[in-house]
Amino acid sequence: MRWLQARQPSAFQDLPAEVQALVAQMREYFPKADLDVIREAYLFAEAAHKQQTRASGEPYISHSVAVATTLVELRLDPVTIAAALLHDTAEDTGITPGDIRERFGDEIATLVDGVTKLGKIEWMSREERQAENLRKMFLAMANDIRIVLIKLADRLHNMRTIEFLPEWKQRRTAQETMDIYAPLAQRLGIGSLQRELEDLAFKVLSPDAHTEVKSQMAEAEVSRSAFLDRVADTLHRELNRAGIKVEREHLTGRPKHIYSIWQKMQRPKYAGHPVARIYDRLGVRIILVDVKDCYAALGVVHALWRPIPGEFDDYVANPKTSGYQSLHTAVVYEGEPLEIQIRTTQMHREAEHGIAAHWKYKEGKGAEREGEQKLSWLRQLLDWHSELQDARDFVQSVKLDLFQNEVFVFTPKGDVIDLPAGATPLDFAYRIHTDLGHRTVGAKVNGRLVPLSHQIHTGDIVEIVTSKTAGGPSRDWLTFVVTSNARTKIKQWFKKEAREENVAHGKELLEKELRRVGGVALMKPDKLKEIAPSFNLVGDEDLLAAIGNSDLSLLQVVQALRGEAAPEQAVQPTPPPVTAPPKPAPSHGVRVRGADNVLMKFSRCCTPLPGDRIIGYVTHGRGVTIHRFDCPNARYFRTHPERLIDVEWEPFTDGSYQVEIEVEAFDRVGLLKDILAAIADSKTNVVSVNARVRKDKVGVVVLVLDIRNVAQLQNVMQKVSKVPEVYSVERVLHS
């Protein structure tokens, strides 16, 4: 008999404790609802899974209860919770969709069938698996968003218990979670699921990095908690004093997110910084009753602490495309930048639960959908589906708006590659491997030849056509590639492999310029050799190659030839191979392990200091270049492991090293004087100063300092950070 037929209310005391807790929570959200369907669904699923256990050894029904519990926390209706309890019965037992429809009705049967179809497919190839997975996922979303919410909760519990699977399966599941499920949760605005899915997948894919970030966060937690408590106590007192009623528990720190902190650490701006320095960009969230109070609270915050210019965002009046609403501002508190989010209870629920927050259960009348416009971008998928039955045709044709700032494309083997929006097949090729990019002569997208400048889209299957006899990159490629990786690789190729072309091009440019200024007589090899050392170059061809590769300006060279001015800066392009070994140079406090008298120089991109972790990179004709281990260019170096070499600091190092730092502060009278005084107080020499004021009245001061070691640099930066109105002091890295 169907559960929909009239029944007497049933007691739940005979059910396991976790199910009773689930029902109690549902009763809190829906006090007048008939929850007997949940009891019926649990008993039905328990019987169906009675002989089954999970990889952990637990009864299989525990998984169904965990999935249902996650959806209860999202406050979904009883029908969805019942479907979650039943979601694996039609896939892993002898139960049929017809059995579920007969026992529980059409709505629950449709939800269970939709979830089952997302996972139960016979795959002809990995490519088809990826395509079919996307196709069915999005079609399910267009039909009933609850199907995908159940699938997300199912994936979350599978990730929580992933340690019981074989390692190869762990990595495959984690990668799929990072590629598809976490971005999907983000696009649907379900922040709570997105954060946990990303952290769990990150733990599997990069266990060492996960452990390092987590341990450093734990070390910073004590000081962080004390800081946030002081902020929250002050806000609680001042808001209530201003007549804005707020409970102390509604003033909280933002949730920790290990993966997002690790992502931030990969940016050049934060390279080499400990987690504590990144994690100390602290934040407090204020949750209030109505919108009027939010704006009033913003006024209180800005009256208490000086706001940082350019750091205010009004997502209440101008919500994000996902529907997210909140007021964001940043102030300086106790010398630290403090981020504050202000929102109502409903805004907070929508930020955490996303599209799930738009389901309202009218007790006794079933589920009703709100916020239809939030899923309008899915409606057109149904029309396409009626014409395209093949999964690969579907993925090739649908222009998904799921990932707004990036595209996810497939290799011919079905691997997922993410690229920025607007990327081309060349960006794809260089993402796979540098040599693949250099040998590219054509590209196929979804089986059709396309220009190399063609923009690829999410769901495309990209195949690169190569030739062993390819002449290498074309300069035209630089006009349409969008990734910095591809651009850098192309430029490096011209610098190293197209030397003759650069020399000829440089000669042509220099002759033309000298003819224009009436100095053709200066175009002599001996004259070029004479000025080359002033640019740190070996001979006349090196000079011409640097001009042809745009590493050296014509103005500098012409001025040097005419004796009008010294060159402003030296460049160091790759010289040709030399027949005689270079003369050894002083080590400057660094030595190559197991070797003596090795020519070496310090890089300009990351300016290593004694105390920094360093690596050596063998160059052609210029010995070993010393870089910091976290140098922005390290990713390129590691694509050539045969050219990396172990180096270490000498036990005792003398001398100083020039290091660039950038200071940001509120512009005021005497700011530069106070910064220089703080540096002088640390007995550090200033080599150069460059100061400017941005339109938002923030002063930016770039200083080059003579530094002996990391300890001295940290001391200087600490003193400068304590100067009034200074809120950022960073070591500058150049990629």
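Visitor: With which residues is isoleucine 38 in contact, leaving aside its neighbours within four places in sequence?

Guide: Isoleucine 38 is in contact with Leu22, Val23, Met26, Pro78, Ile81 and Leu85, where contact means heavy atoms within 4.5 Å. The model is predicted, so local features need pLDDT of at least 70 and side-chain atom pairs count only at pLDDT 80 or more, while totals for chains, interfaces and linings use all residues. Residues are numbered from 1 along each chain as its sequence is written, and side-chain values use heavy atoms, with hydrogens and water left out.

Visitor: What makes H11 oblique to H12?

Guide: The axes of helix H11 (residues 191-205) and helix H12 (residues 207-241) come within 5 Å and cross at roughly 120 degrees. Angles under 35 degrees count as roughly parallel, over 145 as roughly antiparallel, and 65 to 115 as roughly perpendicular, the rest being oblique; therefore H11 is oblique to H12.

Visitor: Which residues of H11 and H12 meet?

Guide: Asp199, Phe202, Lys203, Val204 and Leu205 in H11 meet Pro207, Ala209 and His210 in H12. The residues of this contact comprise five nonpolar, one polar and two charged.

Visitor: Why is strand S19 called mostly covered?

Guide: Buried means under 20% relative accessible area, with a 1.4 Å probe and protein chains only. Seven of the 10 residues of S19 (residues 657-666) are buried.

Visitor: How do you know that S19 and strand S21 pair?

Guide: Two strands pair if DSSP finds at least two bridges between them. S19 and S21 (residues 698-707) have 10 bridges, in the antiparallel sense, and tyrosine 657 stands opposite isoleucine 707.

How values were computed: Buried < 20%, exposed > 50% of the residue type's maximum accessible area, 1.4 Å probe, protein only. Helix = DSSP H or I, 4+ residues; strand = E, 2+ residues; numbered from the N terminus. Axes fitted to C-alpha atoms, helices over the stretch in contact; angles between N-to-C directions. Nonpolar A, V, L, I, M, F, W, Y, C, P; charged D, E, K, R; others polar.
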